[in-house]
Amino acid sequence: MEKSIHFVMQCVEKNKLDAGIDFVIQPIFDLSRFVCIGGEILVRGTHRRHIVPPHLFIGELEMNGGIVSMGDYIMAQAFRYIADQLPEVRDKQLFTLNISWVQLQDASFAKRALSMLARYNLTPRHIVFEITDSDLQPNEQVSLNLHALHDAGANLAWDGIGSLEKLQSRLALYTPDYVKLDRSCLASDKLGHTFTMLEYIANWDVDVIIEGIENYTHVSTMLRHGVQYGQGYLFSRPVSKEAFHQQYMQPELG
C-alpha cells in the first residue's frame, strides 16, 4: 500500500490527477421513508487495482497544500457527473462534498466553486459543502468563503461532529444548514450524550444527518429524536459512480 500512497501523492504533485484520484458515492437516505435523497462524494486514491483510502493521503495533502488542487479536481468531476444526470431526478437530490479548512483558507475558493457550478449549469441549493473536522483555528478568510457560498444559495454542513463541545464551538462559529453526526454517536455507551446533542440542535434551524446506521434499531432511535437523514451500511456502502447512477438516479416508472 505504501507504493500506492506514493503514487497518489505524486499524481497530485505533478498535476496528473486523473491518473490517481477518483470518487465513489455513499447514498444518503430519508430514515422515515427509506428513500435515497442524495449522495456524498467521497474521494479515493487509485493505483492499478488498489483503492487507497483517503485517510492515508488527505492529511499529508492538507499539510503540503495539495488538497487545494485535488479538491478543485474532485469538485469539477463531481459537478460534471451530477450535470449528466436527468434533471427530473437530479433536481430532487442533494449531493454533498467534503471541504477541508485548508481549502476554505484559499481566498478564491468560493469564487472557483461557484464558477464551476455555473459552468455545469447546476443550482447551488442542490449542493452541500461539508466542512470536515480540523484542529485548525478559524480565520476571516474561512468566514468570508462560508458566507459567499451560503449567500449564493449553497448549503453548508459541519461534518464529523462527535461531542457537544465540538458542536457548540462550530455552531458559535457559523450556523449551517446541516450538522453531520459522526458514526461514534450511535455507540451504545454514547447514546445519552448523543441525545443531549440532538436536544441542543433542536434549538437551531438545522437538519441532522447521522452516519453509521447499521440496523433498524438505529433508525427508530434516531427518528424518535428528530433525525431525518442518515447514511450507513444498512442502506448502502459507498458505491461506484456507475452503480449510483443505475440504482438511485433513474426516473420513477408510472
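Residues are numbered from 1 along each chain as its sequence is written. In this predicted model local features need pLDDT of at least 70, side-chain atom pairs count only at pLDDT 80 or more, totals for chains, interfaces and linings use all residues, and side-chain values use heavy atoms, with hydrogens and water left out.

User: How many aromatic pairs does the structure hold?
Analyst: Rings of Phe, Tyr and Trp (its six-membered ring) pair if their centres lie within 6.5 Å; planes under 30 degrees apart count as stacked, over 60 as edge-to-face and the rest as tilted. By this criterion the number of aromatic pairs is 10.

User: Which class of pair do Phe29 and Phe235 form?
Analyst: A pair of aromatic rings is described by the distance of the centres and the angle of the planes. For Phe29 and Phe235 the centres are 4.5 Å apart and the planes lie at 5 degrees, so the class is stacked.

User: How many residues apart in sequence are the parts that Phe29 and Phe235 tie together?
Analyst: Helices (H or I, at least four residues) and strands (E, at least two) are DSSP runs, numbered from the N terminus. Phe29 belongs to strand β1 (residues 21-30). Phe235 sits in the loop between β9 (229-230) and α12 (241-248), so the separation in sequence is 206 residues.

User: Is Phe235 buried or exposed?
Analyst: Buried means under 20% relative accessible area, exposed over 50%, partly exposed in between (1.4 Å probe, protein chains only). Phe235 has 13% relative accessibility and therefore counts as buried.

User: What is the angle between the planes of Phe109 and Phe129?
Analyst: Phe109 is buried at a relative accessible area of 1%, and Phe129 is buried at 0%. Their rings form an edge-to-face pair, 6.4 Å centre to centre, with an angle between the planes of 80 degrees.

User: How are α4 and α7 oriented, roughly parallel or roughly antiparallel?
Analyst: Axes are lines fitted to C-alpha atoms, for helices over the stretch in contact, and angles run from 0 to 180 degrees between N-to-C directions. The axes of α4 (residues 66-83) and α7 come within 10 Å and cross at roughly 20 degrees. Angles under 35 degrees count as roughly parallel, over 145 as roughly antiparallel, 65 to 115 as roughly perpendicular and the rest as oblique. The crossing angle therefore makes α4 and α7 roughly parallel.
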